[in-house]
Amino acid sequence: KTICDARDSYLLYLLQHRTATHTGLLLATVSSVGIGIALVAVALVCVVLVPQAQGSGLPPLIAYLNGCKLRNFSSSAVIVAKFVATVCTIGAGIFAGPEGPIIHLGGCVGKQMVRMLYYIGRLPPHSTFSHLRSMRNDLDQRDFVAIGAGAGVAAAFLAPISGTLFVVEEATSHFSLPLLWRAFSASMIASYTSHVLD
């Protein structure tokens with residue numbers, strides 16, 4: 001939103017202040033196209049360097065949650081590349097819905113949270129955080145990815161119930177009642193945070 005606002009205010013400035021010389025329209029058009037091409041080029045570089053960041057990310061997310069092993073599906077590089085590419089694509093004025101990438105980013109953040117908790121469990125003193133060492137199993141990882149994806153749905157649509165239902169219907173193959181409450185809590189926090197930031 002900020003990139004689009006900055007681009008639009010710059011183009012409006014060019015149109016208002018350069019119209020007297022009859023070059024304002026041409027300069028605004030060339031600037032608009034140039035800014036768009038530059039932003040698309042940045043997004044393209046991100047996707048070329050990290051191919052897992054291309055597309056909406058929903059098909060690999062659902063495949064991962066249904067048991068497929070995917071390499072580098074949710075690495076830190078994917079999070080950064082997906083975020084930058086989405087911001088640049090939307091900032092360039094290209095029609096691309098941010099909902100799919102937000103859901104994918106939520107799943108990636110959930111997976112990174114499991115990794116972080118696992119490494120916290122390995123820190124000394126071992127007795128304080130030793131129970132976190134068991135967070136490395138597939139079930140916990142898939143639960144956290146599903147909760148993150150549900151939080152992404154809630155943040156994208158400002159609807160925490162939708163995020164919870166996404167986890168129940170689409171994101172999990174093996175569902176449990178504690179997962180429902182965790183997904184609802186994460187969806188509420190994501191929805192509230194998105195509302196505050198908007």
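C88 counts as buried, because its relative accessibility is 8%; buried here means under 20% relative accessible area, exposed means over 50%, and partly exposed is anything in between (1.4 Å probe, protein chains only). Before going on, keep in mind that this is a predicted model, where local features need pLDDT of at least 70, side-chain atom pairs count only at pLDDT 80 or more, and totals for chains, interfaces and linings use all residues. Residues are numbered from 1 along each chain as its sequence is written, and side-chain values use heavy atoms, leaving out hydrogens and water.

So what about disulfides? A search of the whole structure turns up zero of them, a disulfide being a pair of cysteine sulfur atoms within 2.5 Å. C46 is in no disulfide, and its nearest cysteine sulfur, that of C88, is 6.3 Å away. C46 also counts as buried, at 14% relative accessibility.

Helices (H or I, at least four residues) and strands (E, at least two) are DSSP runs, numbered from the N terminus. Setting aside neighbours within four places in sequence, V42 is in contact with V84 and C88, where contact means heavy atoms within 4.5 Å. V42 is partly exposed, with a relative accessible area of 38%.

Now hop over to Q112, in helix α5 (residues 99–121). Q112 is buried, its relative accessible area being 19%. Not counting residues up to four places away in sequence, Q112 touches S74, S75, S76 and I79. A polar atom of the Q112 side chain lies 2.5 Å from the backbone oxygen of S74.

Next, charges. Side chains of opposite charge can pair when their charged atoms come close. A search of the whole structure finds one salt bridge, meaning a side-chain nitrogen of Lys or Arg within 4 Å of a carboxyl oxygen of Asp or Glu. The partners are D138 and K69, with their closest N and O atoms 2.8 Å apart. D138 lies in helix α7 (residues 138–157) and K69 in the loop between α3 (58–65) and α4 (76–91), so the pair ties together parts that are 69 residues apart in sequence. D138 counts as partly exposed at 35% relative accessibility, while K69 is exposed at 61%.

Technical notes:
A polar contact is a pair of N or O atoms within 3.5 Å; within protein, one must be able to donate a hydrogen and the other to accept it, and residues adjacent in sequence count only if both atoms are side-chain atoms.
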